[in-house]
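This briefing sets out the main features of the model shown below, grouped by topic. It begins with a term that the later points rely on.

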Amino acid sequence: MAENALGTGGGLMQALKMRMHYSQSRQKVLAENVSNADSPGFRPTDLKPPSVDPGRAGVVLAQTSVGHMGLSGQRGGFDGTKAPRFEVTPNGNAVNLEDEMLKVAQNQSDYQLAASLYSKGLGLMKIAIGKGR
């Protein structure tokens, strides 16, 4: 029964595992983009983030003021998708190394956060069932 409790971990633990798997897969795609930065005609790709249904996970954001950002990000914030592109390479390659390296750094940070939260969650579960201290 203790193994079952540690193995399933609830919705939050499953979401963290999914996020870590997504970050691992995205790292591979971003590394391919960087490695093909000099390949003529190469177009960079990226992974679509996994969708999370906050209602299903039991997470609800409290919006106590109209100025607060909602879950979909419709209010305020910075939209990096509309940022202008400054670098154009003569070989038709669409890879912008600065953008790709920023994505790699953000992806690494996201993975470290998810892994840390997952580890802390496992520690709390072990303490709760009396196996850890």
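A residue is called buried when its relative accessible area is under 20%, exposed when that area is over 50%, and partly exposed in between. By this criterion, the buried residues of helix α2 are Met 13, Leu 16, Met 20, Tyr 22, Ser 23, Arg 26, Val 29, Leu 30 and Asn 33. The model is a predicted one. Its chain contains four helices and zero strands.

**Overall architecture**

- Along the sequence, the elements follow the pattern α-α-α-α.
- The chain has 133 residues, of which 20% count as buried.
- Among contacts with a separation of 6 or more, 69% are made by residues 24 or more positions apart.

**Helices α2 and α4**

- Helix α2 comprises 26 residues and reaches 38 Å from its first C-alpha to its last, close to the 38 Å expected at 1.5 Å a residue.
- Helix α4 has 32 residues, which should span 46 Å at 1.5 Å a residue; the end C-alpha atoms are 46 Å apart, so the two values agree.
- Asn 96 caps the N-terminal end of α4, with a side-chain oxygen 3.1 Å from the backbone nitrogen of Glu 98.
- Just after α4, Gly 130 adopts a positive phi of about 85 degrees.
- The buried residues in α4 are Asp 99, Glu 100, Val 104, Asn 107, Asp 110, Ala 114, Tyr 118, Gly 121 and Met 125.

- Six residues make up the largest nonpolar core: Met 13, Leu 16, Met 20, Ala 114, Tyr 118 and Met 125. Helices α2 and α4 each supply at least two residues of this core.
- Apart from neighbours within four places in sequence, Met 20 is in contact with Tyr 111, Ala 114, Ala 115 and Tyr 118.
- Leu 30 is located in helix α2, and Leu 30 counts as buried because its relative accessibility is 0%.
- When neighbours within four places in sequence are set aside, the contacts of Leu 30 are Asp 46, Glu 100, Lys 103, Val 104 and Asn 107.
- Leu 30 and Met 101 are 71 residues apart in sequence, while their C-alpha atoms are 8.3 Å apart in space.

**Salt bridges**

- The model has four salt bridges.
- Arg 19 is bridged to Asp 110, with 3.3 Å between the closest N and O atoms. This pair links distant parts of the chain, as Arg 19 belongs to helix α2 (residues 10-35) and Asp 110 to helix α4 (residues 97-128), 91 residues apart.
- Arg 19 has a relative accessible area of 28% and is therefore partly exposed.
- Asp 46 forms a salt bridge with Lys 103, the closest N and O atoms being 3.8 Å apart. Distant parts of the chain are again linked, since Asp 46 is in the loop between α2 and α3 and Lys 103 is in helix α4, 57 residues apart.

**A network of shared partners**

- Glu 100 also forms a salt bridge with Lys 103, and their closest N and O atoms are 3.6 Å apart. Because Glu 100 and Lys 103 are three residues apart in helix α4, about one helical turn separates them.
- Glu 100 has a relative accessible area of 3% and is therefore buried.
- Through salt bridges that share partners, Arg 26, Asp 46, Glu 100 and Lys 103 are joined into one network.
- Arg 26 lies in helix α2, and its 11% relative accessibility means that Arg 26 counts as buried.
- Not counting residues up to four places away in sequence, Arg 26 touches Asp 46, Leu 47, Lys 103 and Asn 107.

Technical notes: Residues are numbered from 1 along each chain as its sequence is written. This is a predicted model: local features need pLDDT of at least 70, side-chain atom pairs count only at pLDDT 80 or more; totals for chains, interfaces and linings use all residues. Side-chain values use heavy atoms; hydrogens and water are left out. A salt bridge is a side-chain nitrogen of Lys or Arg within 4 Å of a carboxyl oxygen of Asp or Glu. Buried means under 20% relative accessible area, exposed over 50%, partly exposed in between (1.4 Å probe, protein chains only). The expected span of a helix is 1.5 Å times one less than its number of residues. A polar contact is a pair of N or O atoms within 3.5 Å; within protein, one must be able to donate a hydrogen and the other to accept it, and residues adjacent in sequence count only if both atoms are side-chain atoms. A nonpolar core is a set of buried Ala, Val, Leu, Ile, Met, Phe, Trp, Tyr and Cys residues joined through side-chain atoms within 4.5 Å. Contact means heavy atoms within 4.5 Å.
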